[in-house]
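Dear colleague,

I am handing over the structure below, together with some notes on what was found in it. Please read the notes with the coordinates open beside you.

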Amino acid sequence: MKFVRFDEIAIADITVSDRLRQVDADWVEAMAELMGKTGLQAPVQLIQNFPGCPTAYRLNTGAHRLEVAKKLGWTAIHARIVELETDQPEVEARQEEISENVGRRELSALDRAAHLAEWKAIHRQLHPEWQRGGDRKSKEFRDSREDQSEMFSLRSEIAAKTGFSPRTFEAAVRLYEGLSPEAREMIGGTPLAHNQAELVRLSKLSSERQKAILELLLAPDSGTSEPKARKVHDALHVLDDWVDPQTPDQKGYNKLVRAWHLAPRKAQRQFIEYLRAHKQLGRPSDG
């Protein structure tokens, strides 16, 4: 987006399109009391000359502030006016909306991860030059150069647009991509969606394990309103018939089982090869 100017814009000249975050009526009520006393503290962002828009401006960020202004009877609102810089208006506008949303505390950890994963996908769509292809050089050299170039571009935009460090950004994307679509749907709207640490643990498991664990975490036990497990490692206890560590051998076994299920699949395969190489897999040795 290219900054143009700050201006007072008639609310009647602003079109509101479909949003990632729906307007929360309760939040509008709460904001109305504050804005009625202190006025608008941060301008809304409007895109001028948006293709296909029936009015002069299309809202980009600040839907709640705009709704509060309408509720208070304002006829105009202070706005930051921007223009598009690409030939993909919807994609560019969505990326800007995501950039504002991810910094808000009311987003759950799952929602923030989903926003950042979409932001990364949009970045690649807006910058097709990072996509691999062509016959310019050897594949090995080309892949290495393009990976580094894209990462540099991403790092710069991440810091400027989202306020997150590249490490935090990539961790959130890995979390989201590690969760199966079914798991994301099951988690959405539950307290678990706000628990970053638990979501990370869950994302490292297979989709089958994720579903089984979520059924334990989210469904109440028969005859009680309490779930069968409260945390991911508690669910692993139940699924794997975890034995109370009465002896050092049982305690060690429990740690191995837990580590196995929390390890990525590549690490599991590497461990199997390690056991084979050391002749520990198969028939137990006599000695």
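The side chains of Asp7 and Arg5 meet in a salt bridge, with 3.1 Å between nitrogen and oxygen; please bear in mind throughout that this is a predicted model. Asp7 is partly exposed, its relative accessible area being 29%, and Arg5 is likewise partly exposed, at 26%. By the rule applied here, a side-chain nitrogen of Lys or Arg within 4 Å of a carboxyl oxygen of Asp or Glu, the count of salt bridges comes to seven. As background, side chains of opposite charge can pair when their charged atoms come close.

Another of these salt bridges joins Glu29 and Lys71, whose closest N and O atoms are 2.9 Å apart. Because Glu29 belongs to helix 1 (residues 25–38) and Lys71 to helix 2 (residues 63–71), this pair ties together parts that are 42 residues apart in sequence. Glu29 is partly exposed, with a relative accessible area of 45%, and Lys71 also counts as partly exposed, at 45% relative accessibility.

A further salt bridge is formed by Glu273 and Arg276, with 3.0 Å between the closest N and O atoms. Here both residues lie within helix 12 (residues 265–277), where they are three residues apart, about one turn of the helix. Of this pair, Glu273 is partly exposed, with a relative accessible area of 46%.

Turning to the strands, there is an open sheet of five strands, in the order 1-5-3-4-2 and with mixed pairing. Strand 1 and strand 2 (14–15) stand at the edges, and since each has a single partner strand, one side of each is left without a neighbour in the sheet. Strand 1 (residues 2–10) pairs with strand 5 (residues 76–83) in the antiparallel sense over eight bridges, and within this pairing Lys2 stands opposite Glu83 in strand 5. Strand 3 (residues 44–48), by contrast, runs parallel to strand 5 and is joined to it by four bridges; Gln45 stands opposite Arg80 in strand 5, and Ile47 stands opposite Val82 in that strand.

Lastly, Ser180 lies in the loop between helix 6 and helix 7 (181–187). Because buried means under 20% relative accessible area, Ser180, at 13% relative accessibility, counts as buried. Leaving aside neighbours within four places in sequence, Ser180 is in contact with Ser207 and Gln210.

Terms used. Residues are numbered from 1 along each chain as its sequence is written. This is a predicted model: local features need pLDDT of at least 70, side-chain atom pairs count only at pLDDT 80 or more; totals for chains, interfaces and linings use all residues. Side-chain values use heavy atoms; hydrogens and water are left out. Buried means under 20% relative accessible area, exposed over 50%, partly exposed in between (1.4 Å probe, protein chains only). Helices (H or I, at least four residues) and strands (E, at least two) are DSSP runs, numbered from the N terminus. Two strands pair if DSSP finds at least two bridges between them. Contact means heavy atoms within 4.5 Å.
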